[in-house]
Amino acid sequence: MNKKQILPLIVVGSLSAAGAAAEQPDTQKKEDSEEMPQMVVEGTRLDDIAGKEVKSADLAEALAKKSASVSMVRRSGIANDIILRGQKKDNINILIDGGKIYGACPNRMDPPTSHILTNNIESVEITEGPYDVENFGTLSGAVKITTKEPEEGMHGEVSLNVGSWNYLKGAATLSGGTDRVRAMASISRETSDQYEDGEGNDFAQQIENYDPATKSRYQDRYRDLDAYEKSTFMGKLYVDVMENQELKLSYTANRSDDVLYPSSPMDAIYDDSDIFDAEYIISGLGDWSQELSIHYYNSKVDHPMSNRYRLSSGPGSMNEKTHHLETHMQGAKIKNSWDLADGTAMTLGLDFSRRNWDGAFEGKGMASMVDGFVSIDDVDTDNTAIFIEAEKNFGSFDLKLGARYDDTSIEPAGDQPSNDYTAFSAYAFGTYGLWDGMKLFGGIGRSARVPDARELYIRMPMMGGMLIGNPDLDQVTNTEIDLGLELNAGSLYLKPKLFYSWLGDFIVYNDSKMMRRFDNVDSTIYGFSLDGSYSFTDQLYLDFGLAWQRGEKDEAQPGQTDKDLPEIPPLKGNVSLNWEYMDDSLARAEVVASDSWTHYDADNGEQALDSWVILNLKVEHALTKHIDVVLGIDNVFDETYAVSNTYKDLTLLESGSQEVILMNEPGRYFYLNAAYKF
């Protein structure tokens, strides 16, 4: 097998380094035989190693392992969230085959990344910065997920994965068809016990160690519940209607049951999502239309979370309280691409979407006082936009320009005020080839995103209906500069990058307020990253990545003194030594490390976190042409550590001294996975 090849691409934005950010296998819900064949990198595509670059049912963990610029927010054994360059939630845009899905939970138990599994993913492109005008709300980055497509002929895969804490997953995929009609179906089911941290504490014990008196600890009969059960289905049908016309249809279903969230006072009774996607593509219509596409998507999420398993629900769950929320997202995009006479590539499009969010409480016994209380009152966010992009090559210099105009209205069903926003976004991004194997790249851009329904309108049942949201919020704007260098010098590949971001009216949580707890605060985020690889021989090479960022508010929030922005991870790095000892077989030793948290938003619940270093070992072996086996150990030295802080924007458990619970990562994990392909 040849060493990992580095192939040049011209891509706008700063994208995650696949080979440079070495893989750290999942430590709770292992999916190490699942594939994400390649990650897309700005200016570079790194070929996958034995088709096993990412192995995790949880996409958030997979991305955090692959890129030093991505960090994870740990909520459970599955369905975790991501931070990209110090940005999260709606500040980064998550797209699945160009469509969108939003979680229904205001406490981020079901972020968009939780509704797609990596075994169904073909590639992931991470755009860092405001360099995406095709999609509504790309403030500081976008994660664009492309799922697998059906192929001609007949192909399939069956896999079985087992690991520590009784992790068990079975999955199967079948794909086939003719050159005119192709179809694919993929199913999976997985379960896992609660993982244990490096000190041997499972979810229930972590809560008890944090505060033995808390009513949010698990009832004795529920202390040993599974961490989650999860089943998925994805089906696709592609039809070549005519020689130059193609119809693509897809449907994805996710069914997650009894997902435990130990650092929160509630768990998800279930989390169900459905994603429907349709696209019609017509090519070669003439000089003014090389390709015309019409894309429609429709996604829904149903999410009830409850204290059913906690002491607070009382004996027999007689005082059970449930917060039941739903969200529905619909969108359509019409896009036309053509080339001008001078070779300029043009794209013009219209973008439409509606996001609905609705939620209310249900209560029994003493909790019946909250029954029927509406938390988010059937809020519609309607967006209409027009966008245009142009790309031109001037010899050694490539230039790409983009612009977008948005008109957005947000309308709640109740008595709270509606909000209207307009925004103009634009960027310029260029790449200049200094000489063969070296190029400079950089860009400047401006983008915006509107507040979501939670930030504007959410109410909680205490004190007769306390308004936590702030209906007077302005939209957030990001003005950013990015600079970088890419060096491809034979055995050595390096990509250093710098960025500086001015965030106008950035939305942050204010724990010092009783009501209207979201503020607009002008802020800045700046930092650097370094991705790279070095090949000693065709079979032996290093991957490495490093990222650092700092975030500051221009002024402290009302009633506070701390000017540190929340959720800005410290210096993070990883390095892996890879040995391809035979065709389609790989041995890897990997070190992942993070500095301690010394800059954090203490006024809003964050705390000092220790630095950490872990070692992971893995062997991927091709037994035959059709059978692959993966054997590994994560966190070899059974370290106890935490990757995500305790920002009170999320509802997390607090002790009597108001110290927020800190959730530890999994300890030492053994796994063995096997896959048969044909």
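Contact, as used here, means heavy atoms within 4.5 Å. The structure is a predicted model, in which local features need pLDDT of at least 70 and side-chain atom pairs count only at pLDDT 80 or more, while totals for chains, interfaces and linings use all residues. Residues are numbered from 1 along each chain as its sequence is written, and side-chain values use heavy atoms, with hydrogens and water left out.

**Thr-232**
- Leaving aside residues up to four places away in sequence, Thr-232 touches Leu-117, Ser-186, Ile-187, Ser-188, Ala-253 and Asn-254.
- Thr-232 lies in strand β12, which spans residues 228–242, strands being DSSP runs of E with at least two residues and helices runs of H or I with at least four, numbered from the N terminus.
- Thr-232 counts as buried because its relative accessibility is 10%, where buried means under 20% relative accessible area (1.4 Å probe, protein chains only).

**Helix α1**
- All eight residues of helix α1 (residues 59–66) are buried, so the helix is largely enclosed by the rest of the structure.

**Whole chain**
- The chain has three helices and 32 strands.
- Of the 678 residues of the chain, 61% count as buried.
- Among contacts in the chain with a separation of 6 or more, 68% come from residues 24 or more positions apart.
- The C-alpha atoms fill a box of roughly 70 × 55 × 50 Å, taken along the principal axes.

Methods
Buried means under 20% relative accessible area, exposed over 50%, partly exposed in between (1.4 Å probe, protein chains only).
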